[in-house]
Every structure is written in C-alpha cells, then in structure tokens.
Amino acid sequence: GIVPRILPIVANFLARAALVISRPDDAMYVSINRYFLKSESEHGAFQDMHRLPAFIALFCSASEDSEQSRNERIWALHLLRDGLLDTSCYRLVAACHAPELLLSSFENVRLLQISDDSRATEYCLLLESINAIIDHGGYGAHRDLIKRQGLISWMRTLCTSPSLTESFPNLKTRVSFCNLVKSLIRITSCTPQLRSPLLVLEVCGLIEPVTSLLCPLERRTTTEGKKFQSLIQSSLDALDEIAMLLSKLKDEGIKYSEVHPLGAALTTSLEVLHCTDTSIQIKVLELICKLPTSLPPTDLLHDAILSFVAASLDCCKEYSTGCHHTTTTTSSSLPTPPPCVVQGANNLFNLVLQRILVLLKHYKDISFAPPSSSSDTKHVLQKLFLLKGCLDSSEGEVQNLWQECIAILVKSNGENGENGNHGSEEDNCDLKNFILKEIAFG
C-alpha cells in the first residue's frame, strides 16, 4: 500500500517526543509517556497521523501542579511555533480550534501568579505561534484569523486593555508584537479579499502603539542604546508596512484624513524625533510624515505643532548639510550632490512640508494661543528661511509648499493679533520686518 505522508507538525511532535521519552528525568516525560500509553489499538502504534497530536491535552493542561501545567503549555506552543510549516499543518491546527485558543489565552496568562519573565516568555510564544500561522498557514489561515476573527482589531486591544507595557513587559515581547504586525499588514496588503470596510480604522489603531515603541521608557533612562536596536528596527519595519498599505488604499480611492484620532500622537512623534539616533532620524521622520497623526487637546495644540514643525525643519536642514558634506567638490567652491541625492532631498522636503502645511492649517484655526506665540512663530519662520537655501534646486511643488507655509504663519499671526489673542501691533510690525530682512539677506 501507499505509505502515508507524515505532515511537518506531526513529524516535529514525534521528534520532540522521542527526545523526551529517552530521558525519564525530563519534566515532560510523564505527560508524553501518558499520551502514548493511552493508545491501545494496533498494539499502541501512533494513531494521530491526521490530527494535531497531544496539543489540546497539553495546552489545556489538567495538571494540579501550576509549574507542570506551565511546562506543558510551553511545550505545546513550541510544537505549534516550530512545527507549522505549510497549509496542511494549518488544517490540523484549525481542526482543534487552536487559533481561537491562542487568542483567548492572553488574558489567562496575564492573570497567572507567575514572574514577569515567565509571563513574557508565554506572551512571546503566543505571538510567535500566531505569526507562524500567518506566515505558513496560507489563505485559509489568513481568512480565518484576519477577516473572520478580526486579528488586527484584537492586536489593538492588546495595546489598550491592559496597557502596552503590561501586555509586552520586555523587549523580546515587543519585538514579537512588531513582527506580527509586519506580517499581518503585509499579507493584508497583498490580498485584497482580506480587506474589510473598517480596515483603515483597524490599521490606524496600530500606529500609535508601534510608534511609541521607538522610544520605550527603558531607553529614556539608560545609555545602553544598542540593546534596543532590534526593537527599533522591528518597529520601523512594521510602520513601513502600515505606510505602504495606507498608500495603496489611497491609490485605490479609499480616503482617510492625515489628521486622524487613531494616528500617531503628535507629542509621541516629537518625543521619538528627539530621542532617535541621527543614523535613522530621517527614516523615522519620513514614516511619521507618511502616517496619520492625532492632535493633542486644544490647550496644548499650539506648542505641540510649532515644536514638531521646528524639529522637522531641523532634521531637514541637517540632512541637507550632510548631503553636501558627503559629496565630492567640483570646480566650484561648493560641493555638488549627485542627481540621486538631490532627488532624495526633494522627496524628503516635499513629504515634510506637506505634513507641516497640514499642521499649520490646524494651527491657523486655533482660537487660543499663549502670549509668547509671536516669538514662537518668528522662531519657526527663521527655520523655514534657513531651509530655503536648501530648496534652490528643488522642484516647483516643493517651493510652492514652502511659500504656503510662510503665508499661513504670517497670516495666522496677524489674525490672532487682530482678535486680541496675543501679540501687539508692535509685535506684528517686528515680525514683518523680520520677514523682509530674511528675504533681503537670505
């Protein structure tokens, strides 16, 4: 007769079980031995060629010993994470409702009386097991988890109830979370059948949590920045996938506002820009400007917008200076960047100025502003004029964006002064003289 094919996840189970059975002192020896001894037909021959062997018995352990129960859950998760390699494996996994069990287990793990390290280990294995299903389970897995069970929305709930730091207590769990986000968004982007009418809301709900991971609390209080590199890279990769998906949706005619209540908080974006290493600061700025942003309360909005605008302009200025310093000089006294560098700078300036323009339009509509806003406006205008020298070779669209930003700042300052919100006629005259001086000597 035909020898049946052993599915990868079944083969993985048999290999792991063989290692356990050969060592009576193994913590899993009794559990695995019991599984084999319960089979009486065919003289105890292995029967589960077309079922997920022992998973339910181990993952939903009935052991009264909490430590043994945890060992069995961990063993079952390792089997699922490492053994699920193709769609045939997923059929076995889905048949025993393992995906639903995984999704419902996070709250149970949170309530367990175990150490933070032990809890983080289980969180990691749960996230990595779900990721294995997404990566190797095929369209059936994608349809079941993403469309039917709302996996993207479920991930959003992990970040809000309980808090993000409680759901992901250490670096490894946060990296696993970002890797799962990346896989989910990539699959959804490539498979139009998985998209729901609420997709934009679901995806935007992940932007703020992932962005905040670029500047974790531990990183703010330690000088050991290198150990955060894996988290930073995985966060950037996840945000990049989200930005590409939203861009694709916009090209397909699905509109969304650049200022969105579920976008990255403007204050978070500003904090990330300030704490990010210069080597990836431009990449971070590009992603922030591509993704929707959410604004703070009205009483904080003025300062937040001007601070973000100033920080963004500083990044652009430093980038432009770096482009000139890293290029070889020609016969002229100033270095001439190659065309590809010039185009890259134009793309960056275009992206950043578009976001600044969106924010300044909100700034213009603020009915309340602090007394110091006139000097704040002058500070931002000065940075815009400093950037002007970098725009000489830029495309007309970039130049137009720059002019619009200047016009909105000047107009909003004048209007607020007329309404009595801040500033005086002398302040406004001083601002106009400042602008004329910059135009004359800039």
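Histidine 97 sits in the loop between helix H5 (87–95) and helix H6 (98–111). In this predicted model, its phi comes out near 60°, a positive value in a residue other than glycine. Histidine 97 is partly exposed, with a relative accessible area of 48%. Alanine 54 is another non-glycine residue with a positive phi, here about 65°. Its place is the loop between helix H2 (29–37) and helix H3 (55–59), and at 10% relative accessibility alanine 54 counts as buried.

On to the helices. In helix H9 (residues 151–160), the buried residues are Leu151, Ile152, Trp154, Met155, Leu158 and Cys159. These span an arc of only 160° around the axis, so they end up on the same side of H9. Helix H7 (residues 116–136) carries glutamate 128, whose side chain makes a polar contact of 2.8 Å with that of arginine 81. Setting aside neighbours within four places in sequence, glutamate 128 touches Arg81, Lys172 and Ser176.

As for the cysteines, the structure has 0 disulfides. For cysteine 96, the closest cysteine sulfur belongs to cysteine 60, but at 9.1 Å it is too far for a bond. Cysteine 178 itself counts as buried, at 0% relative accessibility, and Cys159 is among the buried residues of H9.

How values were computed:
Residues numbered from 1 in each chain as written. Predicted model: local features only at pLDDT ≥ 70, side-chain atom pairs only at ≥ 80, totals over all residues. Heavy atoms only, no water. Buried < 20%, exposed > 50% of the residue type's maximum accessible area, 1.4 Å probe, protein only. Helix = DSSP H or I, 4+ residues; strand = E, 2+ residues; numbered from the N terminus. Arc of directions from axis to C-beta. Polar contact = N/O pair within 3.5 Å; in protein donor to acceptor, adjacent residues only side chain to side chain. Contact = heavy atoms within 4.5 Å. Disulfide = S-S within 2.5 Å.
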